[in-house]
Structure formats: structure tokens, C-alpha cells
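Here's a quick tour of a model, starting with its pocket and then working through its core and a couple of individual residues. Have the viewer open as you read.

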Amino acid sequence: MSLTNLTARAVYAPDEAKKQILEEADRVDFETRPLAEALEVSYPTLLRVLTRLDMRDSLRARWLERRNEKRAAGK
């Protein structure tokens, strides 16, 4: 997905963009740099889109939760 495609989707179809971001984020354990690679956008672009969609804090919380789960499981 290109920079303009993700940014435009965040503006014109925010619910669809959130859904796609969360699906990809789940696959990469909610880590933002791998998420940017999975969405084929730069890291700063991803952060701008997450801020625009008001998802940055919730994504970080999910990442911390997943990280703690992995640590508890010994991974």
C-alpha cells in the first residue's frame, strides 16, 4: 500500500483503515516498525496515520499486552 493510499483511506474511510491496520498489526504483534513494512509505508507515515486515526495509544497498549503475554509464555 502506498503512502497516498493509506493516508487517503485514513481520511475518507477511517473505519476501513483502522480495520486493515489492526489486522496487519495483529500479525506483527502490534510492533510499529514491522507494521510499517507490512503496510509498505514509511515509519513516519504510519505514525502520522495512527495519530490521525487516534490509534497510537491503543496500539501501544496492545503491543505492551502482547509483549507481556510473550514474556509470560517464555518466548
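Phe30, Glu31, Thr32, Tyr43, Leu47, Leu50, Arg56, Leu59, Arg60 and Trp63 line the largest pocket. Helix 4 and helix 5 (56-72) are the elements that give two or more residues to that lining, and helix 5 supplies the largest share, four residues. Helices here are DSSP runs (H or I) of at least four residues, numbered from the N terminus. The pocket's volume comes out at about 180 Å³. For the grid-minded: a pocket is an open set of points on a 1 Å grid over the protein atoms alone, where a 1.4 Å probe fits, with protein on both sides within 12 Å along at least five of seven lines, and lining residues have an atom within 4 Å of a point. The volume is the space filled by probe spheres set on those points, which are joined across faces, edges and corners.

A word on provenance: this is a predicted model, where local features need pLDDT of at least 70 and side-chain atom pairs count only at pLDDT 80 or more, while totals for chains, interfaces and linings use all residues. Residues are numbered from 1 along each chain as its sequence is written, and side-chain values use heavy atoms, with hydrogens and water left out.

Here's the lining by class (nonpolar is Ala, Val, Leu, Ile, Met, Phe, Trp, Tyr, Cys and Pro; charged is Asp, Glu, Lys and Arg; the others, Gly among them, are polar):

| Class | Lining of the largest pocket |
|---|---|
| Nonpolar | six residues |
| Polar | one residue |

On to the core. The largest nonpolar core has 16 residues, and Ile21, Leu35, Leu39, Leu46 and Leu53 have the most contacts inside it. Such a core is a set of buried Ala, Val, Leu, Ile, Met, Phe, Trp, Tyr and Cys residues joined through side-chain atoms within 4.5 Å. Leaving out residues up to four places away in sequence, Ile21 touches Leu6, Leu35, Leu39, Val49, Leu50, Leu53 and Met55, with contact meaning heavy atoms within 4.5 Å.

Over in helix 3, Arg33 is exposed at 53%.

Conventions
Buried means under 20% relative accessible area, exposed over 50%, partly exposed in between (1.4 Å probe, protein chains only).
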